Amino acid sequence: ALDGDLPEDCRLFHCDCRDLDWPPEIDLIVSDPPWNDVGCLRWIAEMAADHLVDGGLLLLQTSTANLLKSAEILGRNLTYRWTMAIVFHHANPHAR
């Protein structure tokens with residue numbers, strides 16, 4: 001766990017999530033898995049379905065190219081609620 005100014009009941013990890021001993025009840029999972037790793041997406045969907053409390057959230061970053069495939073995999077175990085876009089205006093140095 002990383003130290004910092006987090007509340008006592010909040011833990012932050014920066015690692016491969018498959019290596020953690022997950023607690024049985026989790027309120028929020030935030031993940032940025034490898035976008036083309038279908039096995040990783042399946043693992044996250046199953047783990048989140050097993051550990052999220054009722055009303056808990058999985059916030060998962062994926063590319064727009066993989067959005068439909070990610071939603072299909074996650075939707076087997078979880079309920080879709082919303083898509084949030086992160087837009088980088090300077091991603092293309094030639095764009096204005």
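## A residue in helix α2

Ala71 is found in helix α2, where helices are DSSP runs of H or I with at least four residues, strands are DSSP runs of E with at least two, and both are numbered from the N terminus. Ala71 is partly exposed, with a relative accessible area of 39%. Here buried means under 20% relative accessible area, exposed means over 50%, and partly exposed lies in between, using a 1.4 Å probe and protein chains only.

This is a predicted model, in which local features need pLDDT of at least 70, side-chain atom pairs count only at pLDDT 80 or more, and totals for chains, interfaces and linings use all residues. Residues are numbered from 1 along each chain as its sequence is written, and side-chain values use heavy atoms, with hydrogens and water left out.

## Overall layout

The chain contains two helices and two strands. Read along the sequence, these elements follow the pattern β-α-β-α. Strand β1 covers 26–31 and strand β2 covers 52–60. Helix α1 takes in residues 38–51, and helix α2 spans 67–75.

How much of the chain counts as buried? Of its 96 residues, 22% do.

## Pairs apart in sequence

Leu41 lies in helix α1. Is Leu41 buried or exposed? Leu41 is buried, with a relative accessible area of 4%. For Ala71 and Leu41, 30 residues apart along the chain, the C-alpha separation is 9.7 Å.

Another pair involves strand β2, which holds Val53. Val53 counts as partly exposed because its relative accessible area is 23%. The C-alpha atoms of Val53 and Ile26 are 5.8 Å apart, with the two residues separated by 27 residues along the chain.

## Salt bridges

Side chains of opposite charge can pair when their charged atoms come close. A salt bridge is a side-chain nitrogen of Lys or Arg within 4 Å of a carboxyl oxygen of Asp or Glu. The whole structure has three salt bridges. One of them joins Asp16 and Arg18, with the closest N and O atoms 3.0 Å apart. Asp16 is partly exposed at 32% relative accessibility, and Arg18 is partly exposed at 40%.

Which residues are linked in a network of salt bridges? They are Lys69, Glu72 and Arg76. Glu72 and Lys69 meet through their side chains at 3.9 Å, N to O. Both residues lie in helix α2, three residues apart, about one turn of the helix. Glu72 also pairs with Arg76, the closest N and O atoms being 2.9 Å apart. The relative accessible area of Glu72 is 42%, so this residue is partly exposed. Lys69 is partly exposed at 37%, as is Arg76 at 47%.

## A contact made by Asn66

Asn66 lies in the loop between β2 and α2. Asn66 is buried because its relative accessible area is 16%. The side chain of Asn66 reaches the backbone oxygen of Trp35 at 3.1 Å.

## Surface patches

Patches are made of residues with over 30% relative accessible area and no salt bridge; like charges are joined within 9 Å, and nonpolar side chains (Val, Leu, Ile, Met, Phe, Trp, Tyr) within 5 Å. The accessible areas come from the Shrake-Rupley method with a 1.4 Å probe, and for residues only the protein chains shown count as cover. A nonpolar surface patch of about 380 Å² is made by Leu28, Val30, Leu57 and Leu59. The elements giving two or more residues to this nonpolar patch are β1 and β2. Leu59, one of the patch residues, has its place in strand β2. Leu59 counts as partly exposed because its relative accessibility is 45%.

A negative surface patch is formed by Glu8, Asp9, Glu25, Asp27 and Asp54. Asp and Glu count as negative and Lys and Arg as positive, while His and the chain ends are not counted. The place of a charge is taken as CG of Asp, CD of Glu, NZ of Lys or CZ of Arg. Asp54 is found in strand β2. Is Asp54 buried or exposed? With a relative accessible area of 82%, Asp54 is exposed.

How values were computed:
Polar contact = N/O pair within 3.5 Å; in protein donor to acceptor, adjacent residues only side chain to side chain.
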